[in-house]
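Welcome! Please take a moment with the sequence and the model below, and then read on for a short tour of its pockets and helices.

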Amino acid sequence: MKKGLIVLIVLGVLAFVLYDWAVGFNNTAVTLEADAKTAWSNVESAYQRRNDLIGNLVKTVQGAADFEKGTLKEVIEARAKATATNIDANNLTPETMAQFQKAQSGLTGALSKLMVVVERYPDLKANQNFLELQSQLEGTENRINVERNRFNQKVNEYDIHTTKFPGKLLAGLFGFKEMARYKADAGSEDAPDVEFDFN
C-alpha cells in the first residue's frame, strides 16, 4: 500500500512539473509571438508614414508645371501598389514578406528616380515645403530601417524559443511555427556604381 502511494505521489509531482513546464513554454511563446507581431505593425506604421509623406511630396512636385510627368506617374503608381500590399501579422510567411518587400522596393526605386530628376529643377530644390518633406522622408527611411531590425530581433527571440530542444517538441503540439524575417532586397549586397562628373 505504501509503495503504491509513493508511486502515485511521484507520478503526481512529475505530472505537475511537466504541466508547469508546458504552460510556461506556451505562455512565453505566446508573449514572444505577440511581441514579433507588434514589431511588424511598427514596420507597417513606418512604411505608412513614408507613403503619407510621398503623397504630400507628389503634390508639391506637381506644382512645378514643367516637371516630367512620366517620373511622377511612376511614383504615384508605385505608391498605389505599395499601399495595396498588406500582410496579416498572423500570416508572416516568406512568400507574403517577399510580396510586401517587392512592392516597397518598387516605391523606393521610383522615389529615388524622382529625387534624381528633381536635381534639374532649381526652383523646386529651393522650395521650403519640398525641402521639409525631403528631410522628413530621409528620417522616415531611417525609422523604417530601425523598425525592420527590431522586428527581426523579436522574430529571432521567438524562433529561438520555439526551435530549441526540448521546446521544439511542444511548439509543434501547440501550433507555433517559425516566423519569416525581413530580408534585404535582392542585389542589395552589391555596391552600387558611383560616377562623379567633375566637368
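The lining of the second largest pocket has three nonpolar, six polar and four charged residues. In these classes, Ala, Val, Leu, Ile, Met, Phe, Trp, Tyr, Cys and Pro count as nonpolar, Asp, Glu, Lys and Arg as charged, and the others, Gly among them, as polar. Of the 13 residues that line this second largest pocket, Tyr47, Arg50, Thr108, Glu141 and Arg148 lie nearest its centre. Two or more lining residues come from each of α1 (2-62), α3 (94-118) and α5 (128-163), and α5 gives the most, with five residues. Helices here are DSSP runs (H or I, at least four residues), as strands are (E, at least two), numbered from the N terminus.

Before going further, a word on what you are looking at. This is a predicted model, in which local features need pLDDT of at least 70 and side-chain atom pairs count only at pLDDT 80 or more, while totals for chains, interfaces and linings use all residues. Residues are numbered from 1 along each chain as its sequence is written, and side-chain values use heavy atoms, with hydrogens and water left out.

The second largest pocket holds about 170 Å³ of space, and the largest pocket holds about 200 Å³. A pocket is an open set of points on a 1 Å grid over the protein atoms alone, where a 1.4 Å probe fits, with protein on both sides within 12 Å along at least five of seven lines; lining residues have an atom within 4 Å of a point. The volume is the space filled by probe spheres set on the points, which are joined across faces, edges and corners. The largest pocket is lined by 13 residues, and Glu33, Asn90, Lys177, Glu178 and Met179 lie nearest its centre. Its lining has five nonpolar, four polar and four charged residues.

Now for the helices. Two packed helices are described by the angle between their axes and the distance between the axes. Axes are lines fitted to C-alpha atoms, for helices over the stretch in contact, and angles run from 0 to 180 degrees between N-to-C directions.

| Helix pair | Axes come within | Crossing angle |
|---|---|---|
| α1 and α5 | 8 Å | roughly 165° |
| α3 and α5 | 13 Å | roughly 155° |
| α2 and α3 | 8 Å | roughly 155° |

The axes of α2 and α3 cross at roughly 155°, which makes α2 roughly antiparallel to α3. Angles over 145 degrees count as roughly antiparallel, under 35 as roughly parallel, 65 to 115 as roughly perpendicular and the rest as oblique. The crossing of α2 and α3 is left-handed, meaning that the near helix is turned anticlockwise from the far one by less than a right angle. α1 also passes α5 in a left-handed crossing, and the contact of α1 with α5 has 20 nonpolar, nine polar and 11 charged residues.

A salt bridge puts a side-chain nitrogen of Lys or Arg within 4 Å of a carboxyl oxygen of Asp or Glu, and the count comes to six. In one of them, Glu74 pairs with Lys113, and their closest N and O atoms are 2.8 Å apart. Glu74 lies in helix α2 (residues 69-84) and Lys113 in helix α3, so this pair ties together parts that are 39 residues apart in sequence.

Lastly, look at the loop between α5 and α6 (167-174), where Pro166 is found. A cis peptide bond joins Phe165 and Pro166, with omega about 5°. Most peptide bonds are trans.
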